[in-house]
Amino acid sequence: MNICIVAGARPNFIKVAPIIRAVNKAKAQGRDIDYTLIYAGREDDPTIESSLFDDLQMPRPDVFLSVDSDSLNEITGKVIGAFEQYLHHNPTDVVIVVDDLASTMAAAIVTKKQGIMLAHLVAGTRSFDINMPKEVNRLVIDGLSDFLFTAGIGSNTIVSREGANQSKVYMVGNILMDTLRYNLPRLHRPQVFELFHLEEGKYIVFTLNRRALIADKLNLKKMLVSLRQASAGIPVVAPLRGEARKVVEELISNDSESGSSLSPLHIISPLPYLEFGYLTANAMGIVTDSGNVAEEATFNNIPCITLNSYTEHIETVRKGTNVLVGEDSEGLYNAVLKMVKGEWKQSTLPDRWDGRSAERIVRILLDMKR
């Protein structure tokens, strides 16, 4: 069996690394299985630094489609053209696509037009906002997929309600936990601990990526003030890149509030995977707009506040440590107060967040050949 794994952005590699390990394990046991890893972007993409693959103990992609654009439609068109050429020259039994990017949807469309089996990793996630480009991508990819690999029962319910054949739906669990469990003993304590005199359990991590949040500078300013006021002197560490870092630094430099009334905000460059994992796993709490960070916080039993009104994995809220506050500065202030006071809710791990998702996926694909 020839499997083609398509990654469209840096976070995808964190999710496919366990599948590569599971495929290699099955191959070593004599099973007829192999893979090719394809990246939609450029080989010199700065977001996929070499340390990422070293940290994840996985090889770099075998093929780079070299698509680079800020236009979602242009990305879609270019990936369709480049991936079609790849499949035309490389026999493939099944293509695995990850998440909900424009490149993911493009690869899914080409796969089905070529008559090849399609598997969607992290299927069934929804915002229920059709105006979001990613929501359109999710609907298209799930509608085309022959294997819908979901992280939880909530996602199963969604795809079933939308008419997916039950024989295509597999609740394999959250594959991020595979990577996290595998790397827990390998996490590195970053130098920022010494630089800012941080202590484990006595700081808050803040991450920011959503364009809508960054664009609304007036509201973001209110949220930053709420975060720093409610933190009550506890350091806030913010690994930020690009526009997010630029905007936050600008807002802080223009802050007319008395510095003595605000917790220190330490803006740092993005950390390698193993260092960022240590930072979040040992925090008092996390404030983020990233679903992946919130999921890992649930696994690590770290209080987490998500700056969004929805989450693709509702299990992090229903069973885990996650709380949604949207873009409301007052809601953020009250949630951070509870975090600092140690008044957070009790949590448990959702079903099948056990680090064995990749094993289940490979077993399902191998059973297809019988």
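Which residues form a nonpolar patch on the surface? Ile130, Val136 and Leu139 do, with about 230 Å² of accessible area together. The views below start with the whole chain and return to this patch.

This is a predicted model, in which local features need pLDDT of at least 70, side-chain atom pairs count only at pLDDT 80 or more, and totals for chains, interfaces and linings use all residues. Residues are numbered from 1 along each chain as its sequence is written, and side-chain values use heavy atoms, with hydrogens and water left out.

**View 1. The whole protein.**
The protein has 16 helices and 13 strands. These are DSSP runs numbered from the N terminus (helices: H or I, at least four residues; strands: E, at least two). Its radius of gyration is 21 Å, close to the 21 Å that the globule rule gives for 370 residues, so the protein is as compact as a globular protein of that length. The radius is taken over C-alpha atoms, and the rule is 2.2 Å times the number of residues to the power 0.38. Along the principal axes, the C-alpha atoms fill a box of roughly 65 × 40 × 40 Å. Buried residues make up 55% of the 370 residues. Buried means under 20% relative accessible area, exposed over 50%, and partly exposed in between (1.4 Å probe, protein chains only). Of the contacts with a separation of 6 or more, 70% are between residues 24 or more positions apart. A contact means heavy atoms within 4.5 Å.

**View 2. The largest nonpolar core, around Phe13.**
The largest nonpolar core holds 65 residues, and Ile3 and Phe13 touch the most other members. Helix H1 (residues 10-28) gives the largest share of this core, nine residues. Such a core is a set of buried Ala, Val, Leu, Ile, Met, Phe, Trp, Tyr and Cys residues joined through side-chain atoms within 4.5 Å. In soluble globular proteins, nonpolar side chains tend to be buried together.

**View 3. Asn12 and Asp99.**
Asn12 is in helix H1. At 2% relative accessibility, Asn12 counts as buried. Not counting residues up to four places away in sequence, Asn12 touches Ala7, Val98, Asp99 and Leu101. Asp99 lies in the loop between strand S4 (94-98) and helix H4 (102-113). Asp99 is buried too, with a relative accessible area of 14%. Asp99 has a positive phi of about 65° although it is not a glycine.

**View 4. Ser66 in its loop.**
Ser66 also has a positive phi of about 65°, and is not a glycine. The loop that holds Ser66 runs between strand S3 (63-64) and helix H3 (72-89). Ser66 is partly exposed, with a relative accessible area of 48%.

Leu139, one of the patch residues, lies in helix H5 (residues 133-144). Leu139 is partly exposed, at 35% relative accessible area. Patches are made of residues with over 30% relative accessible area and no salt bridge; like charges are joined within 9 Å, nonpolar side chains (Val, Leu, Ile, Met, Phe, Trp, Tyr) within 5 Å. Accessible areas come from the Shrake-Rupley method with a 1.4 Å probe; for residues, only the protein chains shown count as cover. The side chains of Arg126 and Asp142 meet in a salt bridge (2.9 Å, N to O). Arg126 sits in the loop between strand S5 (117-123) and H5, and Asp142 in helix H5, 16 residues apart. Arg126 and Asp142 are buried.

**View 5. Salt bridges elsewhere.**
The whole structure has 20 salt bridges. Each is a side-chain nitrogen of Lys or Arg within 4 Å of a carboxyl oxygen of Asp or Glu. Glu200 meets Arg189 at 2.8 Å, N to O. Glu200 lies in the loop between helix H8 (192-195) and strand S8 (204-206) and Arg189 in the loop between helix H7 (175-183) and H8, so the pair ties together parts 11 residues apart in sequence. Lys217 forms a salt bridge with Glu250, the closest N and O atoms being 3.6 Å apart. Lys217 is in helix H10 (residues 217-230) and Glu250 in helix H11 (residues 242-253), 33 residues apart. Salt bridges that share partners join Asp100, Glu135, Arg138 and Glu312 into one network.
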